[in-house]
Amino acid sequence: DYGASYLADRFELTTSPVGPPSPGEAPPQDLLPPGEFGFEPWLERTFGPGEHENDVRCGDLADPDGDGLCNLLEYAFGGHPLEVSPSGLHPGLHVEERFGERFLCLTYYRRSYAPDLEYVVEGSRDLRHWVGNANLARETRVQPVTSTFHRDTERWMEPMRGPNPNFHLRERVRRDTGAEGPDPVPTKPKRDNPEETPKRAG
């Protein structure tokens, strides 16, 4: 599921999660050589010098391989826009048990260095009022998986109690269309019943 909006010099995309990455899933891949970064160079290397300006195939929301990850998310999470990405590259929800309590967690891949991207995890109880990184009580665990990607796990600090707790997490990926230079952007999806089998985003 996608929600998108265009702002001045910025493109925002919100995605809802599917299940957590499975052990043994293919790791994210970076289609850029060492020392290069940015969505536009990534498009050009993937689609070719002339084709990368074709918005039908190469736009932020285009999904030429039909795997449920649009181009911007393929870039952000380490997929290939022309090859079906494994489901483990999608953000995933799971429940952790700690201290005798259950906690909702969101796991996703993140580029270690991406000056043009910002990853924002948001939480809500009613799907109307969302709080972002700064106001979301959470614990973040970071695990390097390749030289250019991390796997982040965000755990909502408030425990899930009662038979039908209402907790929702989503991830927003922002692309700064005017990003230049080496200074990185600070980096930091909804299910009514987290116990149910999650559905694939798309």
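The charged end of arginine 170 sits over the ring of tryptophan 130, 4.0 Å from the ring centre. A charge counts as over a ring if NZ of Lys or CZ of Arg is within 6 Å of the ring centre and within 35 degrees of the ring normal. Arginine 155 lies in this way over the face of phenylalanine 103, at 4.7 Å from the ring centre. The model is predicted, so local features need pLDDT of at least 70 and side-chain atom pairs count only at pLDDT 80 or more, while totals for chains, interfaces and linings use all residues. Residues are numbered from 1 along each chain as its sequence is written, and side-chain values use heavy atoms, with hydrogens and water left out.

Strand β7 comes next. Helices (H or I, at least four residues) and strands (E, at least two) are DSSP runs, numbered from the N terminus. β7 covers residues 149-156. Of its 8 residues, 7 are buried, so β7 is largely enclosed by the rest of the structure. Buried means under 20% relative accessible area, exposed means over 50%, and partly exposed lies in between (1.4 Å probe, protein chains only). β7 pairs with strand β4 (residues 101-111) in the antiparallel sense, over 7 bridges. Two strands pair if DSSP finds at least two bridges between them. Here tyrosine 108 stands opposite aspartate 152 in β7. β7 also pairs with β6, in the antiparallel sense and over 7 bridges. β6 and β7 form a hairpin, with 4 residues between them. Glutamate 139 has arginine 155 in β7 as its bridge partner.

Salt bridges were then searched for. A salt bridge is a side-chain nitrogen of Lys or Arg within 4 Å of a carboxyl oxygen of Asp or Glu. The whole structure holds 15 of them. One joins the side chains of arginine 175 and aspartate 60, at 2.8 Å from N to O. This pair links distant parts of the chain, 115 residues apart. Arginine 175 lies in strand β8 (residues 168-176), and aspartate 60 lies in the loop between α2 (55-58) and α3 (71-77). Arginine 175 is buried, with a relative accessible area of 8%. Aspartate 60 is buried as well, at 9%.

A salt bridge also joins glutamate 158 and arginine 125, at 2.1 Å from N to O. Glutamate 158 lies in the loop between β7 and β8, and arginine 125 in the loop between β5 (117-124) and β6 (138-144), so the pair ties together parts that are 33 residues apart in sequence. Glutamate 158 is partly exposed, with a relative accessible area of 36%. Arginine 125 is partly exposed too, at 41%. Arginine 128 and aspartate 126 meet in another salt bridge, at 3.8 Å from N to O. Arginine 128 is exposed, with a relative accessible area of 64%. Aspartate 126 is partly exposed, at 29%. Salt bridges that share partners also join Glu96, Arg98, Glu139, Arg141 and Arg155 into one network.

Rings of Phe, Tyr and Trp (its six-membered ring) pair if their centres lie within 6.5 Å. Planes under 30 degrees apart count as stacked, over 60 as edge-to-face and the rest as tilted. The whole structure has 6 aromatic pairs. Phenylalanine 39 and tryptophan 42 form a stacked one, 5.8 Å from centre to centre and with 20 degrees between the planes. Both residues lie in helix α1 (residues 39-47); because they are 3 residues apart, they are separated by about one helical turn. Phenylalanine 39 is buried, with a relative accessible area of 2%. Tryptophan 42 is buried at 0%. Tryptophan 42 also pairs with tyrosine 75 in a tilted arrangement, 5.5 Å from centre to centre and with 55 degrees between the planes. That pair links distant parts of the chain, with tryptophan 42 in helix α1 and tyrosine 75 in helix α3, 33 residues apart. Tyrosine 75 is buried, like tryptophan 42. Phe39, Trp42 and Tyr75 form one aromatic cluster.

Two loop residues complete the picture. Phenylalanine 99 has a phi near 55 degrees, a positive value in a residue other than glycine. Phenylalanine 99 lies in the loop between β3 (92-98) and β4, and is exposed at 70% relative accessibility. Leucine 127 has a positive phi of about 65 degrees, although it is not a glycine. Leucine 127 lies in the loop between β5 and β6. At 33% relative accessibility, leucine 127 is partly exposed.
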